[in-house]
Amino acid sequence: MTLELRSEAEACGKIILLGEHSVVYGHPALAAGLSRGLILRARPLDGRGGAMELSIPAWDLDLRLTADSEHPVARACLEVLAYCDGPVTGWRIEGEAKIPARAGLGSSAALSVALARLALPEADARTVETVVAASMAGERVFHGDPSGIDSEVAARGGVIAFARGEGVEAVRLRSPLHLVVVPSGIPRQTGVLVAGVRARRDRFPQVIEPVLEALGALVVRGRAALEAGDTAALAELIAVAHELLGALGVSRPPLDALAAHAVGEGALGAKLTGAGGGGCLFALCDNPGAAASVISAMAEGFPELAASPRTRAFAVEVEA
Ligand code: MEV
């Protein structure tokens, strides 16, 4: 059977506010959706024969989705389509991405969620649980053993609290969050970083388990701070989270330098977000004006990053 695709679908990018890595081991985590992170548009190819095509220029992707492809994006997409009752032939899918790829902002989950929404039957495409399940088929190709938080927030948006096996809750913020996202320009792979944390935990369980527990406790306290609008407590917890992630082995000196610069220039707190090893950080700011000054200060301190739109810091407002 050959699937018909919907003409357009979208998914959110994400910022993990607190709890990355520890979430893999069942601890809670908090994430915020970045709306319209990726929009996919599909159109039938002439004659409807031939392979599927996927092009996302902002991510330097131009692929044919064929069964013998070894490209991880092609393999992940084919898994999602198979979940949706594929195979699919004779369609071209073009993507408009507002988030960078492989930077810890949820690009792979956004792709698999948007693709599931293009390919699932109408009723399933409107059911968030089914969309997430289809997305996870792709996420497993990218990340091995993903917790599922990226797919959940890509499909739902807003701010969510997630714990593996326990599900998702929407979190109501008391006041908006003014964030600056700071790309490091350092490429990394989530699966490799998750495996590195697991290896460290296996080598030193008595040392690393308490760090994972502490990250989980920090999320519980961080959620209370978000719900109470206690920005000072949240900022302190963000700083502690960055240090604990360093203890897991997923920070790097350039990420520490970017975080220190943002805080030195007026951010209330800063931490890496997502798997680490590179990718992005975010800085919490008092208000939009403070966020704009942090963006200018990052450009002055790190002109090589500001020179490219792909690595320039940008503001994100998470609505209350
Ligand atoms: C990646 O965005 C978040 C991690 O916690 C991995 C996962 O939850 O699957 C590092």
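Predicted model: local features only at pLDDT ≥ 70, side-chain atom pairs only at ≥ 80, totals over all residues.
How do the residues of the shell around the ligand divide into nonpolar, polar and charged?

1. The shell divides into seven nonpolar, three polar and three charged residues.

2. There are 13 residues around the ligand, and those that come nearest are Lys14, His21, Val23, Ser147 and Asp150.

3. For Ser147, an N or O atom of the side chain is 2.6 Å from an oxygen atom of the ligand. For Asp150, the distance from a polar side-chain atom to a ligand oxygen is 2.8 Å, and for Lys14 the corresponding distance is 2.9 Å. On its own the ligand has 300 Å² of accessible area, of which the protein covers 97%.

4. As to secondary structure, at least two residues of the shell come from β1 (8–18), and at least two come from α5 (149–156).

5. At the level of domains, the ligand lies between domain 1 (8–170) and domain 2 (177–318), because both give residues to the shell around it. The site that holds the ligand is the largest pocket.

Conventions:
Residues numbered from 1 in each chain as written. Heavy atoms only, no water. Near = heavy atom within 4 Å. Polar contact = N/O pair within 3.5 Å; in protein donor to acceptor, adjacent residues only side chain to side chain. Areas by Shrake-Rupley, 256 points an atom, 1.4 Å probe, with all protein chains shown as cover. 1 Å grid on protein atoms, 1.4 Å probe; cavity = no way out; pocket = protein on both sides within 12 Å on 5 of 7 lines; lining within 4 Å. Sits in = over half its atoms within 2 Å of the grid points. Helix = DSSP H or I, 4+ residues; strand = E, 2+ residues; numbered from the N terminus. Nonpolar A, V, L, I, M, F, W, Y, C, P; charged D, E, K, R; others polar. Domains from an automatic or database assignment.
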